[in-house]
Amino acid sequence: MVIKESVARTAGRAVDQGLARLMMRLPATRPTIRAAVASDPELCELCGTYGEACALLDVMRRDSSADPMMIADYEGICRDIEAEFLLTLIGEE
C-alpha cells in the first residue's frame, strides 16, 4: 500500500509541475487550462508527461556531462507535448 501511495504522490507532483509549466509556456490559455485539466483525463495525463519530461530536461541541463543530442531531443519532446496539449485543449473548447 505504501508503494501505491508513493507512486500516486509522485504522479500527482508531475501533473502539478506540468500544469504550472504549461500555464507559463501558454499564457494565452491560462484562463481555461486549469478547468480543462480538471475535467479531461487526457489533458491531465499530458500534464504529467510534460512535467516528467521537463524535470528530466532540467537535470540534463545541469549535468555538464549530459549528451547535447539528448538535451535537444528532450527539448523537442517538450515542444511536441506543448503542441499536443494545445491542440487537445482547443478541441475541448
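Of the 93 residues of the protein, 33% count as buried, where buried means under 20% relative accessible area, exposed means over 50%, and partly exposed covers the range in between (1.4 Å probe, protein chains only). The model is predicted, so local features need pLDDT of at least 70 and side-chain atom pairs count only at pLDDT 80 or more, whereas totals for chains, interfaces and linings use all residues. Residues are numbered from 1 along each chain as its sequence is written, and side-chain values use heavy atoms, with hydrogens and water left out.

The protein contains four helices and zero strands, and its pattern along the sequence reads α-α-α-α. Contacts, defined by heavy atoms within 4.5 Å, can be sorted by sequence separation. Among those in the protein with a separation of 6 or more, 68% are accounted for by residues 24 or more positions apart. The accessible surface amounts to about 6,100 Å², and carbon and sulfur atoms hold 59% of this area. Accessible areas come from the Shrake-Rupley method with a 1.4 Å probe; for residues, only the protein chains shown count as cover.

How many salt bridges does a search of the whole structure find? There are three salt bridges, each requiring a side-chain nitrogen of Lys or Arg within 4 Å of a carboxyl oxygen of Asp or Glu. One of them joins the side chains of Arg21 and Asp58, at 2.3 Å from N to O. This pair links distant parts of the chain, with Arg21 in helix 1 (residues 2-25) and Asp58 in helix 3, 37 residues apart. Arg21 is partly exposed at a relative accessible area of 26%, and Asp58 is also classed as partly exposed, at 21%.

Another salt bridge is formed by Glu82 and Arg25, whose closest N and O atoms are 3.0 Å apart. Here too distant parts of the chain are linked: Glu82 belongs to helix 4 and Arg25 to helix 1, 57 residues apart. Glu82 counts as buried because its relative accessibility is 10%.

The side chains of Arg61 and Glu75 also meet in a salt bridge, with an N to O distance of 2.9 Å. Arg61 lies in helix 3 and Glu75 in helix 4, so this pair ties together parts that are 14 residues apart in sequence. Both residues have intermediate accessibility: Arg61 is partly exposed at 48%, and Glu75 is partly exposed at 27%. Which residues does Arg61 contact, leaving aside its neighbours within four places in sequence? Its partners are Ile71 and Glu75. The C-alpha atoms of Arg61 and Ile71 are separated by 7.0 Å, and the two residues are 10 residues apart along the chain.

Glu42, Glu45, Asp80 and Glu84 form a negative surface patch. Patches are made of residues with over 30% relative accessible area and no salt bridge; like charges are joined within 9 Å, and nonpolar side chains (Val, Leu, Ile, Met, Phe, Trp, Tyr) within 5 Å. Lys and Arg count as positive and Asp and Glu as negative, while His and the chain ends are not counted. The place of a charge is taken as NZ of Lys, CZ of Arg, CG of Asp or CD of Glu. Helix 3 (41-62) and helix 4 (68-92) are the elements that give two or more residues to the negative patch. Glu45 is found in helix 3 and is exposed, with a relative accessible area of 59%.
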